[in-house]
Amino acid sequence: MTYNILTDTDFFRDLESGNAENIRTDYDSFIGLVVEQCENAVSKVELSIMLTYTEVELIPYLGLQKYADKASEFLKQMQQMADELVKAKGNTDSGLKWTGKVIDLVELVYAFNEVGCINDGEIKKQDLLNAVFKIFGMKPVDYFRKYVDIKGRYEYSSATFFLDDMSEKLKLRIKEDRRKSREREQNR
């Protein structure tokens, strides 16, 4: 979600130029865009940033143009409803953000599914993928296409690059922690 998407509108251009000819129509379009953005919000934080930014940008026009006043009041009401809007959409605001590659997350979730470690393996792969992507505030992708890409890597030493890398790094961490534990024991 782009925080300034609501200010890059004909409504704001009308306010800036003082053009009142189409302001009613542009105001209605603006309100429609606000509702659309709220419906598509991934997290309360993103939604709040976008609405707050837009409210601040309206400040110079308050009291000068009734539609600016109305828009400001509407944004405040939407801000108060932000929690409900995001929950109603079924999104979570876990505070977690996946910063790795999407293909790596798909690889990880496919592995979860294969070992049956979530809901005793009684969950559809698609539902599991959707749930994990929501946890990280991500929009669904074409998971099968990503899986095809993973399968295509098999001509290398392994198709599971991410899982292999995770495993190696964890083994090194355990080895290092065990070494440090032995040193502490010896120094006692």
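1. The pairing of helices α2 and α4. In this predicted model, helix α2, which covers residues 23-39, and helix α4, which covers residues 66-80, have axes that come within 11 Å of each other and cross at roughly 10°. Because angles under 35 degrees count as roughly parallel, α2 is described as roughly parallel to α4. Two packed helices are described by the angle between their axes and the distance between the axes.

2. The residues between these two helices. On the side of α2, the contact is made by Ile23, Arg24, Tyr27, Phe30, Ile31, Val34, Val35 and Cys38, while α4 contributes Tyr67, Lys70, Ala71, Phe74, Leu75 and Met78. Sorted by class, the contact of α2 with α4 has 12 nonpolar residues and 2 charged ones, with no polar residues.

3. Ala68 within α4. Ala68 lies in helix α4, and with a relative accessible area of 0% it is buried, since the cut-off for that word is under 20%. If neighbours within four places in sequence are left aside, Ala68 is in contact with Phe11, Leu15, Leu58, Tyr61 and Leu62. Ile103, by comparison, is 35 residues from Ala68 along the chain, and the C-alpha atoms of Ala68 and Ile103 are separated by 44 Å.

4. The side chain of Gln65 reaches the backbone nitrogen of Tyr67 at 3.1 Å, and Tyr67 is one of the α4 residues in the contact with α2. Once its neighbours within four places in sequence are left aside, Gln65 is in contact with Leu15 and Ile23; Leu15 is also among the contacts of Ala68, and Ile23 is one of the α2 residues in the contact with α4.

5. The buried side of helix α7. In α7, which covers residues 125-135, the residues Leu128, Leu129, Val132 and Phe133 are buried. These residues cover an arc of only 130° around the axis, and therefore they are on the same side of α7. As a general point, an α-helix has 3.6 residues a turn, so residues three or four places apart point the same way.

6. The surroundings of α7. What covers the buried residues of α7 includes α6 (102-115) and α8 (143-152). After the helix comes Gly137, which has a positive phi, near 65°.

How values were computed. Residues numbered from 1 in each chain as written. Predicted model: local features only at pLDDT ≥ 70, side-chain atom pairs only at ≥ 80, totals over all residues. Heavy atoms only, no water. Axes fitted to C-alpha atoms, helices over the stretch in contact; angles between N-to-C directions. Helix = DSSP H or I, 4+ residues; strand = E, 2+ residues; numbered from the N terminus. Parallel < 35°, antiparallel > 145°, perpendicular 65-115°, else oblique. Contact = heavy atoms within 4.5 Å. Nonpolar A, V, L, I, M, F, W, Y, C, P; charged D, E, K, R; others polar. Buried < 20%, exposed > 50% of the residue type's maximum accessible area, 1.4 Å probe, protein only. Arc of directions from axis to C-beta. Polar contact = N/O pair within 3.5 Å; in protein donor to acceptor, adjacent residues only side chain to side chain.
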